[in-house]
Amino acid sequence: MRHVLHTGQTRCWDASGREIPCRGTGQDGEWQRGAPWPAERFVVRGEVVTDGLTGLHWCRDATVGTFPCTWAEAFALIDGLNRERHGGRDDWRLPNRNELRSLMSYQARKPALAEGHPFVNVFLGWYWTSTTAAISPAYAWAVHLEGARMFYGRKDQEYLCWPVCGAGNGLLPRTGQRHCVDAGGVVVDCRGLCQDGELQTGAPWPDPRFTVTGEVVRDRLTGLAWARRADPGGEPVAWQEALDRVSAWNDEHGTAQLVWRLPTINELASLVDCDAHSPALPAGHPFIGLQDGYWSATTSFFECDWAWVLYLDKGACGVGHKPGRTFFLWPVGVPVSD
């Protein structure tokens with residue numbers, strides 16, 4: 001599987017939040033798919049921490065700016081770090097949403113970072129990304145370090161800033177954002193702004209992104225297959241129902257080459273185009289029957305009777321209460337050889 005990270009989840013919980021053995025559950029903790037984390041994930045060199053998974057370099061001090069700041073002030077703060085050559089580097093930038101999410105562990109909370117991480121002064125609150133929210137351009141995407149939620153905040157609000165630098169190793173894909181937007185929500189010339197729309201860091205998307213064979217859509221970026229009809233059940237279901245229904249779906253549609261299951265939150269998020277909304281999918285996508293919210297196989301470690309959900313209209317990653325018949329099932333197919 002290309003350009004999708006392992007969530008870090010290795011355990012399983014039922015709909016009431018009780019921990020259970022993973023075998024046969026179909027949950028994220030059983031499959032553990034995605035690029036595996038290296039045994040030595042982080043290497044510290046002075047004020048800089050290198051992530052062995054993505055190849056990106058992060059400030060060891062997660063509140064290097066000391067105080068919460070607006071989105072524009074975050075960019076100015078990073079300009080200052082580059083002038084000072086903080087940590088011996090002058091290529092610091094505000095991370096895009098894929099880069100900041102790459103630090104998240106979905107089997108951790110307060111903070112939602114890998115066990116044994118070397119970062120200091122981690123604030124249990126919102127951190128800015130350089131990615132504008134397409135659905136509301138006066139807002140930008142942010143990640144909450146208490147539990148890993150990703151939503152957007154008004155650009156004149158005050159969040160924390162966690163700088164990143166380096167090109168990475170090509171594992172993370174681009175977000176899809178191609179425009180730059182000021183704090184008032186107005187599209188502006190990208191030059192010199194260092195927003196996601198200007199830098200477009202990450203692996204480029206193939207063109208075309210998707211190919212269709214019958215009722216199966218293959219994503220050429222990640223190697224995953226998706227059901228072309230994104231609501232095969234036609235109704236919202238509870239989380240355990242989603243797991244049961246996708247197991248039955250696999251019995252009917254699985255092959256020797258392709259296994260169908262409930263996607264992880266990272267697999268669902270891999271579909272998002274950050275330059276689009278309603279739905280937040282690449283232009284010209286072939287999917288039909290799209291709904292606003294989709295269950296993932298990833299339990300919320302913050303509250304284990306909740307599970308991660310992709311809100312497709314917005315592109316947000318939040319959570320839903322497992323017993324509620326609130327969200328939809330969208331089967332993902334994984335090549336057996338992966």
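This is a predicted model: local features need pLDDT of at least 70, side-chain atom pairs count only at pLDDT 80 or more; totals for chains, interfaces and linings use all residues.

Reader: Fine. How many helices and strands does the protein have?

Author: The protein has 6 helices and 19 strands. Its radius of gyration is 19 Å, close to the 20 Å from the globule rule for 338 residues, so the protein is as compact as a globular protein of that length.

Reader: And what box do the C-alpha atoms fill?

Author: Roughly 60 × 40 × 35 Å along the principal axes.

Reader: What share of the residues is buried?

Author: Of the 338 residues, 54% count as buried. The protein exposes about 13,700 Å², and carbon and sulfur atoms supply 50% of that area.

Reader: What about contacts between residues 24 or more positions apart?

Author: Such residues account for 65% of the contacts with a separation of 6 or more.

Reader: Charges next. How far apart are the mean positions of the positive and negative ones?

Author: They are 2 Å apart, for 32 positive and 39 negative charges.

Reader: Change of topic. How many aromatic pairs are there?

Author: The count comes to 20 aromatic pairs. In one of them, Trp249 and Trp260, the ring centres are 6.1 Å apart and the planes stand at 85°, so the pair is edge-to-face.

Reader: Where do Trp249 and Trp260 sit in the chain?

Author: Trp249 is in helix H5, residues 239–253, and Trp260 is in strand E15, residues 258–261. The two are 11 residues apart, and the pair links distant parts of the chain.

Reader: Is Trp260 buried or exposed?

Author: Trp260 is buried, with a relative accessible area of 5%. Trp249 has 21% and is partly exposed, because the cut-off for buried is under 20%.

Reader: What is the geometry of the Tyr311 and Phe327 pair?

Author: That pair is edge-to-face as well, with 5.7 Å centre to centre and 90° between the planes. Tyr311 lies in strand E17 (residues 306–311) and Phe327 in the loop between strand E18 (316–321) and strand E19 (332–335), so the pair ties together parts that are 16 residues apart in sequence. Phe327 counts as buried at 9% relative accessibility.

Reader: Which residues form the aromatic cluster?

Author: One cluster is formed by Phe210, Trp226, Phe287, Tyr294, Phe328 and Trp330. Trp330 lies in the loop between E18 and E19 and is buried, with a relative accessible area of 0%.

Reader: So what is Trp330 in contact with, leaving aside its neighbours within four places in sequence?

Author: Its contacts include the cluster members Trp226, Phe287 and Tyr294. Also among them are Ala227, Ala230, Pro263, Leu271, Leu281, Leu290 and Leu312.

Reader: Let's go to the start of the chain. Where is His6?

Author: His6 is in the segment before strand E1 (12–13). At 10% relative accessibility, His6 counts as buried. Leaving aside neighbours within four places, its contacts include Trp37, Pro36 and Asn266.

Reader: And Thr54, buried or exposed?

Author: Thr54 is buried, with a relative accessible area of 2%. It is found in the loop between strand E4 (48–51) and strand E5 (57–59). Beyond neighbours within four places, Thr54 is in contact with Leu5, Ser102, Gly168, Asn169 and Leu172.

Reader: Backbone now. Which peptide bond is cis at Pro111?

Author: The bond from Lys110 to Pro111, with omega near 5°. Pro111 is in the loop between helix H3 (97–101) and strand E6 (126–132). A cis bond also joins Asp207 and Pro208, with omega about 5°. Pro208 lies in the loop between helix H4 (196–199) and strand E12 (210–213).

Reader: Why note those?

Author: Because most peptide bonds are trans, and most residues other than glycine have a negative phi.

Reader: What about phi of Ala148?

Author: Phi of Ala148 is positive too, near 90°. Ala148 lies in the loop between strand E7 (139–144) and strand E8 (150–154), and counts as buried at 1% relative accessibility.

Definitions and conventions. Residues are numbered from 1 along each chain as its sequence is written. Side-chain values use heavy atoms; hydrogens and water are left out. Helices (H or I, at least four residues) and strands (E, at least two) are DSSP runs, numbered from the N terminus. The radius of gyration is taken over C-alpha atoms; the globule rule is 2.2 Å times the number of residues to the power 0.38. Buried means under 20% relative accessible area, exposed over 50%, partly exposed in between (1.4 Å probe, protein chains only). Contact means heavy atoms within 4.5 Å. Accessible areas come from the Shrake-Rupley method with a 1.4 Å probe; for residues, only the protein chains shown count as cover. Lys and Arg count as positive and Asp and Glu as negative; His and the chain ends are not counted. The place of a charge is taken as NZ of Lys, CZ of Arg, CG of Asp or CD of Glu. Rings of Phe, Tyr and Trp (its six-membered ring) pair if their centres lie within 6.5 Å; planes under 30 degrees apart count as stacked, over 60 as edge-to-face and the rest as tilted.
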